[in-house]
Amino acid sequence: MDSKMLTVLILLSALATCLSVPRRCSPGEAAIGRCRTPAEETQCMEMVLGYCQDVPYSHTTFPNIVGHRSRQDLEMGAEYLLLSVIHALLNGECSPDIRLLGCSVLAPRCQDNRIMKPCRSSCEMVKKSCIHAFEALQMAWPYFLDCDRFFVGSEEGCYDPLSELREKQEVAFADISDGGVFTILRFTYHTNSQMFSILKKTAAKCPHISQTYSIGRSVQGKDLLVIEFSDNPGQHDLLEPEIKLIGNMHGNEVLGRQLLIYLAQYLCSEYLRGNERIQSIINTTRIHILPSMNPDGYEIAASEGHEYNGWTSGRANAQSLDLNRNFPDLTSIFYNRRRFRHFRSDHIPIPESYWMNKVVAPETYAVMKWIRSYPFVISASLHGGELVISYPFDLSRQPQEERMYSPTPDEQIFRRLARTYADAHPTMSNNDTERCGASFANKGGITNGAQWYSFAGGMSDFNYLHSNCYEITVELGCDKFPSEEELYPEWLRNKEALLSFMEFVHRGIKGIVKDEHGNGIKGATISVKGMRHDITTAEDGDYWRLLNPGVHIVSVAASGYSKASKRINLPRNIQVRRVDFVLKKVPREPSLDYFNIPELDNYERFDPFNQFEQNSRRELGENGEERIEKPWWWAYFSQLGISAPTWLLQN
């Protein structure tokens with residue numbers, strides 16, 4: 001045999017060996033579905049994968065769409081492992097949607113010995129509603145859920161892998177919604193995942209007036225999910241005031257959480273139904289609702305249930321921190337500065353000592369950023385354990401006094417705001433109502449917080465001293481965890497009070513502060529003579545100043561501009577009046593005025609030590625290259641000896 005023939009035989013032998021070795025498809029082959037050798041034929045086989053047993057079909061085939069050539073090959077891969085742990089990773093959010101969507105690619109539907117590809121529209125819908133959950137974990141969207149590569153359009157004969165899931169959800173939610181414009185509220189307690197689903201379902205039902213967004217995550221990774229209502233969701237409209245409602249700050253005080261879930265559903269359905277009052281509220285106000293600020297604590301309280309009725313179980317977050325004692329103590333700074341002539345009782349910066357000396361809960365951090373990001377005017381935090389409305393200050397002006405009347409400069413505004421809720425509640429302001437221990441009957445169901453009991457680090461004081469927002473604390477009743485039979489009566493007692501509270505934001509004056517060219521001036525201060533507390537203009541120069549009826553001298557000042565003042569008469573028959581200001585540019589002169597008070601320039605410094613934003617610690621590898629520490633979930637995959645799923649790492 002000559003050398004040329006030997007070479008040919010060797011090449012043929014090598015080729016035969018190559019053809020006999022199973023291989024994964026290249027990304028390009030997978031993208032177009034060409035994952036088979038010429039000798040292969042698609043053979044449908046029974047679905048036996050444990051995590052894909054509930055897909056809406058019974059047969060699959062291999063190689064699959066991304067190139068796993070057998071069931072064993074798939075079960076040893078990181079893709080299938082991800083599906084097995086995704087529920088735990090995302091704390092039940094987007095489950096089982098993500099898993100079923102993944103199964104439609106990893107174990108595709110097989111019919112008549114032909115692969116049926118899933119619909120791109122299904123993928124895009126799930127990605128839109130769930131990608132934030134991956135981002136919160138510093139996890140990239142899985143490559144095998146690439147909507148463009150592995151999913152097809154309806155014109156190519158796709159199928160919806162979530163069809164049966166949607167049908168089951170419709171049945172499960174049949175007692176929540178009739179499918180039309182009416183909503184039938186289900187007066188039972190909801191788990192965190194049920195709450196997320198209801199909020200997102202509500203936003204999907206009313207997409208033109210509602211959306212959901214996350215402000216952060218709890219210690220255990222649960223979303224702090226907000227639902228927003230506005231005639232222009234996602235955008236701030238000029239001169240439209242913004243309000244927020246917060247529930248479940250203490251995890252075992254659960255009634256407020258449920259009331260806000262019901263309120264979100266009610267606003268959506270009544271708007272669609274044509275309720276003129278609800279339409280007026282939503283068309284003129286931007287409403288942000290956070291039903292649960294402490295979802296971790298709620299799970300502890302819910303595990304014990306209302307029959308146990310523990311007074312403290314689940315109150316704190318997963319770090320055992322009381323969130324209503326975890327905010328910066330700006331009230332003490334206010335008390336220390338009030339003897340100075342030019343002291344300021346608004347937009348007090350967060351002292352650096354707070355970041356250095358205090359364990360800041362992620363829930364607190366998220367809410368502080370939220371407060372700084374939106375021009376909130378009023379807010380209510382819903383609690384339990386008493387039947388009363390409490391308003392700032394919550395910290396006594398004398399540290400040694402545990403119960404001491406400690407009013408803000410806006411005492412009369414706060415009293416009227418508190419009265420609005422209490423008077424609209426059928427029993428809160430009633431002197432005959434049985435109370436829970438404290439006596440508020442002679443006060444009409446409202447109280448100054450520090451006069452009730454004094455504490456530092458509260459959220460309401462922080463709102464008032466760090467932003468433009470006036471927040472009250474609504475104590476909904478003696479029972480922190482009432483039975484489910486009480487949920488419907490409590491909704492009836494509080495519905496009108498919640499609506500009246502939201503309408504209160506349209507009181508006082510509002511307007512725009514502009515320069516001579518018509519441009520809005522951000523950060524201008526609005527001062528009212530006789531009230532030592534100012535508010536500032538928003539991004540586009542608009543403002544809202546709560547005022548009681550009467551005559552007021554209102555002044556506006558901004559650094560680099562002349563000062564302007566107007567005498568405003570607010571009759572009792574006019575709730576809100578528009579008052580605009582035009583300021584002229586002037587040379588900046590150094591003076592001991594508002595703008596030279598020490599530390600005012602530190603207001604924009606938030607988290608100066610980057611305590612939370614620095615989520616990954618960078619270090620150098622053996623060769624001097626920059627190495628990023630892997631996120632905590634990497635251990636799910638790295639300890640099993642499988643190929644490392646670097647595709648799950650962001651960037």
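Because the model is predicted, local features need pLDDT of at least 70 and side-chain atom pairs count only at pLDDT 80 or more, while totals for chains, interfaces and linings use all residues. Residues are numbered from 1 along each chain as its sequence is written, and side-chain values use heavy atoms, with hydrogens and water left out.

**The chain**

Let's start with the overall picture. The chain holds 19 helices and 22 strands; helices (H or I, at least four residues) and strands (E, at least two) are DSSP runs, numbered from the N terminus. Of its 651 residues, 52% are buried, where buried means under 20% relative accessible area, exposed over 50% and partly exposed in between (1.4 Å probe, protein chains only). Among contacts with a separation of 6 or more, 74% join residues 24 or more positions apart; a contact means heavy atoms within 4.5 Å.

| Residue | Element | Relative accessibility |
|---|---|---|
| Glu475 | strand β12 (residues 470-477) | 7% |
| Ser500 | helix α18 (residues 487-503) | 15% |
| His552 | strand β17 (residues 550-557) | 13% |

Glu475 carries the UniProt annotation "active site", from an unreviewed entry. UniProt positions are given in the numbering used here, feature names are shortened, and annotations may be inferred rather than shown by experiment. Beyond its neighbours within four places in sequence, Glu475 contacts His383, Gly384, Gly385, Glu386, Leu387, Val388, Met428 and Trp452. With Gly384 there is also a polar pairing: a polar atom of the Glu475 side chain lies 3.3 Å from the backbone nitrogen of Gly384. A polar contact is a pair of N or O atoms within 3.5 Å; within protein, one must be able to donate a hydrogen and the other to accept it, and residues adjacent in sequence count only if both atoms are side-chain atoms.

Ser500, leaving aside neighbours within four places in sequence, is in contact with Arg277, Thr420 and Ala424. The side chain of His552 reaches the backbone oxygen of Asn548 at 2.8 Å. Not counting residues up to four places away in sequence, His552 touches Val528, Leu547, Lys566, Arg567, Ile568 and Leu570.

Helix α5 (residues 97-106) has 10 of its 10 residues buried, so it is largely enclosed by the rest of the structure. Helix α12 (residues 330-337) is also largely enclosed, because six of its eight residues are buried. Those six are Leu330, Thr331, Ile333, Phe334, Tyr335 and Arg337, and their cover includes α17 (459-466). At the start of α12, a side-chain oxygen of Asp329 comes within 3.3 Å of the backbone nitrogen of Thr331.

**The largest cavity**

Two cavities of 30 Å³ or more are counted. On a 1 Å grid over the protein atoms alone, a cavity is a set of points where a 1.4 Å probe fits but cannot get out, and lining residues have an atom within 4 Å of a point. The largest has a volume of about 50 Å³. Its lining consists of Leu239, Pro241, Val505, His506, Arg507, Ile509, Lys510, Trp544, Arg545 and Val576. By type, the lining divides into six nonpolar, one polar and three charged residues; Ala, Val, Leu, Ile, Met, Phe, Trp, Tyr, Cys and Pro count as nonpolar, Asp, Glu, Lys and Arg as charged, and the others, Gly among them, as polar.

Terms used. 1 Å grid on protein atoms, 1.4 Å probe; cavity = no way out; pocket = protein on both sides within 12 Å on 5 of 7 lines; lining within 4 Å. Points joined across faces, edges and corners; volume = space filled by probe spheres on them.
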